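Here is a short report on one protein model. Look at the sequence and the structure first, then read on.

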Amino acid sequence: MVNHQNYNKHDNLVYERKFTSFPLKNQFLIYIVIYLFVSVASQTINAETKILSSSEKTQIAYEIHGDNDRAIVFVHGWLCNRSFWKDQIKHFANDYTVVAIDLRGHGQSSSEIENLSINAFAQDVIAVTASLGLSDVTLVGHSLGGLVVLETARLNAINLQGVVLVDELEGEDLFYSYFYKIGAWLMLKFGYDGVIDSMVEELYRSPATHDLAKEISDAMKETRPVIGINSLFGEGHYFDYINNNISEALEDVSIPIGIFNAGDAPLKHNFYNLNQELLITKSIPNSSHFLMMEQSTEFNEVLESILEEFKLILK
């Protein structure tokens, strides 16, 4: 590393003379090698992004890593994208086939603004998973994505080994009132960026995570406001699903479910419509809503333990 305080014009001149005295043919060769390296790297990155037509109007972007019989499909949360799972992709790709999806309207998927219901998101997850021929699959969804994987399991259209809901539910009694929803709509409609910044700042009070908080906030604001708003409001969309579908979905699911939260682990009896023998609750104390990014090492270890417990339940 160059010490910029001691790096003067004389040093620069010596460096320039050394470089320019290097044979031109060899310089040209170096440029070619660098160009080829960058080109190959770019092709590798691009090759990881796949596009699937989930419906006539909707194209879903996803990436796939690893080649194993067991698979994990990661589903991001509200306003997020598949890059939020980068630490998990890297960790689990050695032992699993790992898929990360951009939900419709998010990331590199098509900018759908009409049908942004939890069921529509779930149909996209089913389409990608089925197209890859995956059979031994665990779905992991963060925040809104937790509802998406729950709905995917309820639809029972693909062979699943379990679903993990990350920091979305503490029980079945959550209810959003009409006045709460009106207030949320007004705030997002007329102060979208400010609401996102305030929300993320509230989640990250520690100075140690300030840079990560800004990274998250900036990424979330890349999603168009109309998509952020429409995904929350409407029949079968986020707030409506929470109010009217949670208990029914939990009752219908017949595979293991992991509830993995930041802070305290939820109490099992809060999920009274769920078969208790299928339920696993975990947590990471002193962590924030984006625990898979803030404390990725511990998150990965806990997720591994959930996957092992799923296997024991299914025996």
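Which helix gives the largest share of the lining of the largest pocket? H6 does, with seven residues.

## About the model

This is a predicted model, where local features need pLDDT of at least 70, side-chain atom pairs count only at pLDDT 80 or more, and totals for chains, interfaces and linings use all residues. Residues are numbered from 1 along each chain as its sequence is written, and side-chain values use heavy atoms, with hydrogens and water left out.

## The largest pocket

The largest pocket holds about 740 Å³ of space. A pocket is an open set of points on a 1 Å grid over the protein atoms alone, where a 1.4 Å probe fits, with protein on both sides within 12 Å along at least five of seven lines. Its volume is the space filled by probe spheres set on the points.

The lining has 27 residues, and those closest to the pocket centre are Trp78, Tyr176, Tyr180, Met199 and Tyr238. Lining residues have an atom within 4 Å of a point. Helices (H or I, at least four residues) and strands (E, at least two) are DSSP runs, numbered from the N terminus.

By class, the lining has 19 nonpolar, five polar and three charged residues. Ala, Val, Leu, Ile, Met, Phe, Trp, Tyr, Cys and Pro count as nonpolar, Asp, Glu, Lys and Arg as charged, and the others, Gly among them, as polar.

## H6 against H7

H6 also packs on helix H7 (residues 210-221): their axes come within 9 Å and cross at roughly 150 degrees. Axes are lines fitted to C-alpha atoms, for helices over the stretch in contact, and angles run from 0 to 180 degrees between N-to-C directions. H6 and H7 are therefore roughly antiparallel (over 145 degrees).

Tyr192, Asp193, Ile196, Asp197, Met199 and Val200 of H6 meet Ala213, Ile216, Ser217, Met220 and Lys221 of H7. Contact means heavy atoms within 4.5 Å. Seven of these residues are nonpolar, one is polar and three are charged.

## H4 against H5

Helix H4 (residues 118-131) and helix H5 (residues 144-155) pack at about 70 degrees, with axes 8 Å apart. The two are therefore roughly perpendicular (65 to 115 degrees). Their contact has nine nonpolar, three polar and two charged residues.

## Glutamine 108

Glutamine 108 sits in the loop between strand E4 (97-101) and H4. Its C-alpha atom is 9.2 Å from that of arginine 82, 26 residues away along the chain.

Definitions and conventions
Parallel < 35°, antiparallel > 145°, perpendicular 65-115°, else oblique.
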